[in-house]
Amino acid sequence: MTMATDNSITVKFFARLREELDTTTLTVEAQPGLTAGQLLRSLATKGGSWAQLDGEQPVMIAVNQVMTKPDRALQPGDEVAFFPPVTGG
Amino acid sequence: MIRVQQQDFDPAEEYRALRNSGSGTGAIATFTGLVRDSGDLSGVTGLFLEHYPGMTEQVIEGLVLEASRRWDVRDARIIHRVGSLALADQIVFVGVCSAHRGDAFAACEFIMDALKTSAPFWKKEITGDTEHWVEQKAADLDRTQSWD
């Protein structure tokens, strides 16, 4: 986890993922061409409960609070959220 | 009107507000969802509801706009509660007014179905001694897809 800078991306987790990863928010450095799916897979390499981010369970992705596909390229300042399929209503 | 809140709501108040949507309104359809005693688990005594503040409201606004494109929607009021809820508590309210009943029924059902599969809310079931994050149901996805 790094301090927020102008070149940072905010990553949020919700519900079961938030609990199992014991993480609500973290900050990563933006990298040219980095996609949301690539970020997810790189987080999975942290091991332990993070390994589930590598396709083991369905993970939904939102960028700047809009649902998106894994191939979405991330920009500095973006807010990325990873969460389980939604179950409201 | 879209509200995400911890506190309970009064459907009668929402209904009164819907009745003030103008003289062209001829039909009001409302839906209220409650906490029941069995879901993924049996013996459910309560729920915990989490949401993604900001995105939730944005997604529901989009659903109301989509409903307005498809049907005559004079007004819509949607309330979804978050936080800790007990058995039989109200969870969600959707109320729609239209000129005619067909549009009111359809828009209300569409908003509710699409909310369940696209608005970022998550339910955790609580029983005596266990907690369980509810799994998304294929039947709910099918219902949403049936509106495509």
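1. In this predicted model, the contact draws on 20 residues of chain A and 25 residues of chain B. Together the two chains bury about 1800 Å², of which 55% lies on carbon and sulfur atoms. On the side of chain A, A:Gln65, A:Thr87 and A:Gly89 account for 36% of the area buried against chain B, more than any other three residues.

2. Two salt bridges are found across the interface of chain A and chain B; one of them links A:Glu19 to B:Lys124, with the closest N and O atoms 2.6 Å apart. Polar contacts between chain A and chain B come to 15 residue pairs, counting residues at pLDDT 80 or more.

3. The elements of chain A that give two or more residues to the side touching chain B are α1 (15-21), β4 (66-68) and β5 (79-83), and α1(A) gives the most, with four residues. By residue class, that side of chain A divides into ten nonpolar, five polar and five charged residues.

4. Within chain A, five strands make an open sheet of mixed pairing, in the order β2-β1-β5-β3-β4. Because β2 (25-29) and β4 of chain A stand at the edges with a single partner strand each, one side of each is left without a neighbour in the sheet. Neighbouring strands are turned against each other by 30 degrees on average, direction ignored.

5. Strand β3 (residues 60-63) of chain A runs antiparallel to β5(A) and is joined to β5(A) by four bridges; A:Val63 stands opposite A:Val80 in β5(A). Helix α2 (residues 36-44) of chain A packs on the sheet, where α2 touches β1 (8-13), β2, β3 and β5 of chain A, and the direction of α2 makes about 60 degrees with that of β5(A).

Conventions: Residues numbered from 1 in each chain as written. Chains lettered and ligands numbered in written order. Predicted model: local features only at pLDDT ≥ 70, side-chain atom pairs only at ≥ 80, totals over all residues. Heavy atoms only, no water. Contact = heavy atoms within 4.5 Å. Buried area = accessible area lost by both parts, 1.4 Å probe. Salt bridge = Lys/Arg side-chain N within 4 Å of Asp/Glu carboxyl O. Polar contact = N/O pair within 3.5 Å; in protein donor to acceptor, adjacent residues only side chain to side chain. Nonpolar A, V, L, I, M, F, W, Y, C, P; charged D, E, K, R; others polar. Pairing = 2+ DSSP bridges. Axes fitted to C-alpha atoms, helices over the stretch in contact; angles between N-to-C directions.
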